[in-house]
Amino acid sequence: MATFRYILRDTARLLTRHFAVVFLTLLTIIAVFLAVGMSILLSVNVTSLASQIESDLTIEAYLKAKADVEAVMGKLAEMPQIKNARYVSPEEALKRLDEKLGQGDQIISLLGDNPLPPSVIITVDRAENLNDVAREVEAFPEVEDVIYAGEVAERLASLAYFLNRFALAVFVIALVTSLVVMMNTIRIALYSRREEIGVMLLVGATPTYVSLPFLLQGVILGGSGALVALLFLIKAYRWLLEVLSKALPFFNMLDSPQITLWLFCLLVGGGVALGWLCSWTAVYQHIRRALKPR
């Protein structure tokens, strides 16, 4: 019990003795983990969006004004890669747009007429056939334009790959920055108490007994900094979800309790582990030098 009280009392003294250095260290950790969290959220959202688009194996072919719909549907029926083809009239297209954006009446009032062309929604059997079918349908003389998810999905996949590498680079830079800052903070505390630590070791105190307050200081700094960063990140992410749901209702960002739990484990767990690692490294080096015969 006395050991436990000593650890808590000494840890509190370490955190308050060099308050300015400890505060700057905490701000650095918060900024570092904010950058890590934002890069992770951006990466997973882009990856999720790319997966959603790739899973939507549809092609929308926009027909010319006086196109022969029956001829187009007949050609599509002869293509074995196509599972289903459904004609969408301009009226139905306007209704779909109104359901998504709620602006169908405004479009009619502004333009005076329905500007949407007739189209055919084509469902493909496999993802690898998407590009070939789109190119073949685009060559139909009745078709004005073709929109499909293939090119968008490829670009998003490339963007997701880049963001994953970017998140990894941010994590490595953040790790190095946190290691340097936290180790310097622990070293300052060790240097200010070097004589006291030397006397404690000489009178029989074990290295574990001496090092525990410093280890706890690192864990508190790393864990609390990561936790504050997580709280800021969650609040900003919730605000962004509300803004995007109003401005871009068709853009679905990841929103589930699992995201928060996953970020908590990753950031706070990483902060605690990083704090312990920095403290242990600095204390181990100092105690090893203190115990070395002179």
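At 35% relative accessibility, Arg86 counts as partly exposed, a class that lies between buried, meaning under 20% relative accessible area, and exposed, meaning over 50%, as judged with a 1.4 Å probe on protein chains only. The side chain of Arg86 meets that of Glu92 in a salt bridge, with N and O 2.6 Å apart, and Glu92, at 28% relative accessibility, is likewise counted as partly exposed. The term salt bridge is used here for a side-chain nitrogen of Lys or Arg within 4 Å of a carboxyl oxygen of Asp or Glu. Side chains of opposite charge can pair when their charged atoms come close.

The model is predicted, and for that reason local features need pLDDT of at least 70 and side-chain atom pairs count only at pLDDT 80 or more, whereas totals for chains, interfaces and linings use all residues. Residues are numbered from 1 along each chain as its sequence is written, and side-chain values use heavy atoms, with hydrogens and water left out.

A search of the whole structure finds three salt bridges, which are set out in the table.

| Salt bridge | N to O distance |
|---|---|
| Arg86 and Glu92 | 2.6 Å |
| Lys75 and Glu142 | 3.3 Å |
| Asp132 and Arg135 | 2.7 Å |

The pair of Lys75 and Glu142 links distant parts of the chain, with Lys75 in helix α3 (residues 69-77) and Glu142, 67 residues apart from it, in the loop between α6 (130-138) and β4 (143-148). Helices (H or I, at least four residues) and strands (E, at least two) are DSSP runs numbered from the N terminus. Lys75 is partly exposed at 29% relative accessibility, while Glu142 is buried at 14%. Asp132 and Arg135, on the other hand, both lie in helix α6, three residues apart, which is about one turn of the helix, and Asp132 is partly exposed, with a relative accessibility of 43%.

Taken as a whole, the protein has ten helices and four strands, and along the sequence these follow the pattern α-α-β-α-β-α-α-β-α-β-α-α-α-α. Of its 294 residues, 37% are buried. Where contacts (heavy atoms within 4.5 Å) join residues at least 6 apart in sequence, 84% of them join residues at least 24 apart.

The interior can be described through its nonpolar cores, each a set of buried Ala, Val, Leu, Ile, Met, Phe, Trp, Tyr and Cys residues joined through side-chain atoms within 4.5 Å. The largest nonpolar core has 28 residues, and those with the most contacts inside it are Phe33, Val36, Leu41, Leu221, Leu263 and Leu267. At least two residues of this core come from each of α2 (19-55), α7 (149-192), α9 (207-247) and α10 (257-291). A second, separate core of 18 residues includes Ile59, Leu63, Val72 and Val124. Leaving aside neighbours within four places in sequence, Leu267 is in contact with Phe33, Val36, Gly37, Ala226, Leu230 and Leu233.

Leu34 is found in helix α2 and is partly exposed, with a relative accessible area of 23%. Not counting residues up to four places away in sequence, Leu34 touches Ala229, Phe232 and Leu233, and its C-alpha atom is separated by 9.6 Å from that of Gly225, 191 residues apart along the chain.

The UniProt record, an unreviewed entry, carries the annotation "transmembrane region" for residues 21-42, 166-190, 210-234 and 259-284; such annotations may be inferred rather than shown by experiment. In the model, residues 21-42 are 100% helix and 0% strand, with end C-alpha atoms 32 Å apart, and residues 210-234 are also 100% helix and 0% strand, with end C-alpha atoms 38 Å apart.

A search of the whole structure finds one cavity of 30 Å³ or more, a cavity being a set of points, on a 1 Å grid over the protein atoms alone, where a 1.4 Å probe fits but cannot get out. The largest cavity has a volume of about 70 Å³, counted as the space filled by probe spheres set on the points. Among the residues that line the largest cavity are Leu41, Tyr237, Arg238, Asp255 and Leu263, where lining residues have an atom within 4 Å of a point. The largest share of this lining, four residues, comes from α9, and α9 and α10 each supply at least two of the lining residues.

Conventions:
On a 1 Å grid over the protein atoms alone, a cavity is a set of points where a 1.4 Å probe fits but cannot get out, and a pocket is an open set with protein on both sides within 12 Å along at least five of seven lines; lining residues have an atom within 4 Å of a point.
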